[in-house]
Amino acid sequence: MIISGLISDAFASSRLIAFCALSECRNLNYATKILRNAHNPNAFCWNVVIRGFSESKNPCGAVVMFVEMLRNGGSRPDSYTYPLVLGVCSNLLLKLMGRVVLGHVFQVGLDCDRFVRNAAIHMFVSCRELRDARKVFDESPVRDLVSWNSLIHGYVRSGLAREALGVYEEMVVERVEPDQVTMIGVVSSCAQLEDLSLGRKFHRLIEKNGLGLTPSLENAIIDMYAKCGNLEAAQALFDNMKEKTIVSWTTMIVGYAKHGFLEVAHRLLYKVPERNVVPWNAIIGGYVQARRSKEALDLFNEMQARNINPDEITLVCCLSACSQLGAVDVGIWIHHYIEKHGLSLNVALGTALVDMYAKCGNIKKALNIFSDMPGKNCFTWTSIICGLSLNGHAQDAISYFEQMINTGLNPDEITILGVLSACCHGGLVEEGRKYFCLMNSKFNICPTLKHYSCMVDLLGRAGLLQEAAELINSMPMKADAVLWGALFFACYIHRSVLMGERAASKLLELDPHDSGIYVLLAKMYRESNMWEEAEQAQKMMKERGLEKTPGCSSIEVNGSVYEFMVILSNATSVPLELQFDIPCVVSPKDLGAINPGQELPHLYTWLNPVGLDGVQLEMHLSGVKFITSQTQTCSLRRAKMDFFNCCISFRNISLPTSVRSRNILLHI
C-alpha cells in the first residue's frame, strides 16, 4: 500500500487500521503507528483503535488514545467514541476520568444522544455513584430498555433491592416491556430481600410472558429460591436445566451450605463435571461461616490433592478458618503460598492475613503486614484495632483508631466494639465512656446490645456496679443474657451479693438451662459464707437435670488441629480404654530414660482435658506407664516440644472420690 500510494487513501488506510486493531491477529502497536502517520485520519480510524484497546489486555490504552485524539485536533469524537471511552471507565472504575469525558460530551452537544446517555448511566452505576446515575436517567429525553436495565442492575449490585424494584414499577407504569436482563435484576432483588412470595410472582410472570429461560435467568431464579429457603424448588429447577453452568452448581452448593445442609452441599461438590475453584470456594466458605473450620481446612487440603489451584477467595476463606482455630502453622503456609506465587496483597487478602496473625497471637507480624499494605479500608483498620485489643494492647488499639479517623475513614459497629473491648481489657473507663458517647453524636452509629454489654463489662470490672445497672435500665432495648451475664460476673468479682442475685434472676428467666449460672451463683454464695443459699442453687440445678458444661480445648501440631473434650456423666462407671495415634512431646531418645510414674509436665500440659484439673490419668506410652501430676492446667510452650508420632493408650483413670462414679468420655 505504501509503494502503490494507497496508504494515502483515507478509505484504504482506515480499512488497514481497522484490520490491525480488531482482527483476531490484532497488532495495536502497528495500528497506532499507521494512525499517527496517516494524513488527517477521520473519527472512524480513531474509534477502531480505541475499541481495539478497550477489548485488549491494556484497556487504559483506549483512554490514552482518546486524549491523543483530542490533542490531535483533526477529528472530533462522535457518538461512537464516547460510549467506548465511558465503557472503559466503567470497567476500570475510573470515576474521575468518566466525569471528565462526560464534561466533553456536554461541550460538543452530544448529551442528548441515547447511546452516550446509556454509557454514562452504566459508568456511574459501575462506580457506585447511583445518585448521579439516577440524575442522568431522569434527565434523559429518551429512555430505552438498556437505560432501565442499567439502573435496575446498578441498584441490585449496590444491595439496594427495594430501589431496584421501585425502578421496575416505574418501568411498568411507562409500559416498557421487560426482557430477560430486566427479570434477572428483579429476581435478584427478591433474593436479596429473601421475599419468597414476590420471587414466585416474578417467576410466574416470566412463564406467563413466555420469556425464554436463558442459563443466566435460570441461575437467578434458582438463587432466589435457595436464598429464600425453598431448596426443593431450587433443586427441581436445577434438575430440569438443559445447560448447567458452573454458576448453577455453585448456586446450589451455596444454597445448601447457607441453610446448614453442609453434607448435601459436600456431596453435590463431587458431582460438578468440570474442575473449577469456584464451587470449592463456596463449600469452604460455607464450612467457615458455620464455624466448622477444621473441615474447611480439610477440604482445602483435598482441593490441593486434586490439583485445583486456590485463588484469592480460597485463601481468604482459609485464613478465616485459621483465625477461628488459632491454626497459625496453616496460616503461615498460606502466607508463604501468597508470596511464592506473587499474588498481590489486595485489601481482602491483606485484611485476612492481619486478622489471622492477630487472632493467633502474633500481633507483631499483623502490624508488619498492616504497614506494608498499599491500600486499607475500614475492615483492615477494624482487624488491626480488634487484634490489638485481643492481645492486650489497649492504648495501641485506641491510637490506631485515632489514626483511622484522621485518614477520613468512618468506623462501623465492629470498629467501635473493638475500641470498647480495648478499653475494657485495659481498664480505661474514661476512654470507654468517651467513645461510647461519640458513637451516636459523631459517627451516627446506634449502640447495639454488644456495645452495651461491653460498657457494662467495663464498668463492672472497674467496680462501678451501680453505674452499670443504671446503664442497663436506660437502654432502649431489652437486655439479653450476655449483658446480664457481664453484670453478674462483675457482681461475683466484687462480692456484691444483692445485685448479683438480681442479675442471676434475670439470667435464669432468659436461659434457665445454662448450668454455668447455677455454678457461679453457688460459688458466689459459698465465698460469702452463705452455705444454705449455695446448697439451694446446687439443688435447683440438680432438680432441673442440668450438668456442668464440658470443657473443650484444641491444639495445632504440624498443621493439624486436634480437639479434646471431656464429658462427665452420672451413668454407671465402665472401664475406659481409648487408643489413638497422636503426636507426642517426648522424643524416642528420651523415652527409654524415663522411669515409670515419672511426672511429664509438658505432656500433661498438652493432653490435660479441660474440666479434669486435679484428676490423675494413668497413661501407657509405648509400654511404659506414666501417671500425671494432680496440678492445674499450664500454658503450652511450643518451643520446648520435640514431636514424633507414637501410640497413646488411656487404659485406666484414677479419679477423686467425688467423681469416681462417673464416666469420662474423651472425644478427639
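Analyst: The axes of helix α20 (residues 328-340) and helix α21 (residues 347-359) come within 11 Å of each other and cross at roughly 150°. Here helices are DSSP runs of H or I with at least four residues, numbered from the N terminus, and axes are lines fitted to C-alpha atoms over the stretch in contact, with angles running from 0 to 180 degrees between N-to-C directions. The two helices, α20 and α21, are therefore roughly antiparallel to each other, a term kept for angles over 145 degrees. The crossing of α20 and α21 is left-handed, meaning that the near helix is turned anticlockwise from the far one by less than a right angle.

This is a predicted model, in which local features need pLDDT of at least 70 and side-chain atom pairs count only at pLDDT 80 or more, while totals for chains, interfaces and linings use all residues. Residues are numbered from 1 along each chain as its sequence is written, and side-chain values use heavy atoms, with hydrogens and water left out.

As for the residues, G331, I332, H335 and I338 in α20 meet L349, L353, M356 and Y357 in α21, where contact means heavy atoms within 4.5 Å. By class, this contact of α20 with α21 has 6 nonpolar, 2 polar and no charged residues, with Ala, Val, Leu, Ile, Met, Phe, Trp, Tyr, Cys and Pro counted as nonpolar, Asp, Glu, Lys and Arg as charged, and the others, Gly among them, as polar.

Terms used. Parallel < 35°, antiparallel > 145°, perpendicular 65-115°, else oblique.
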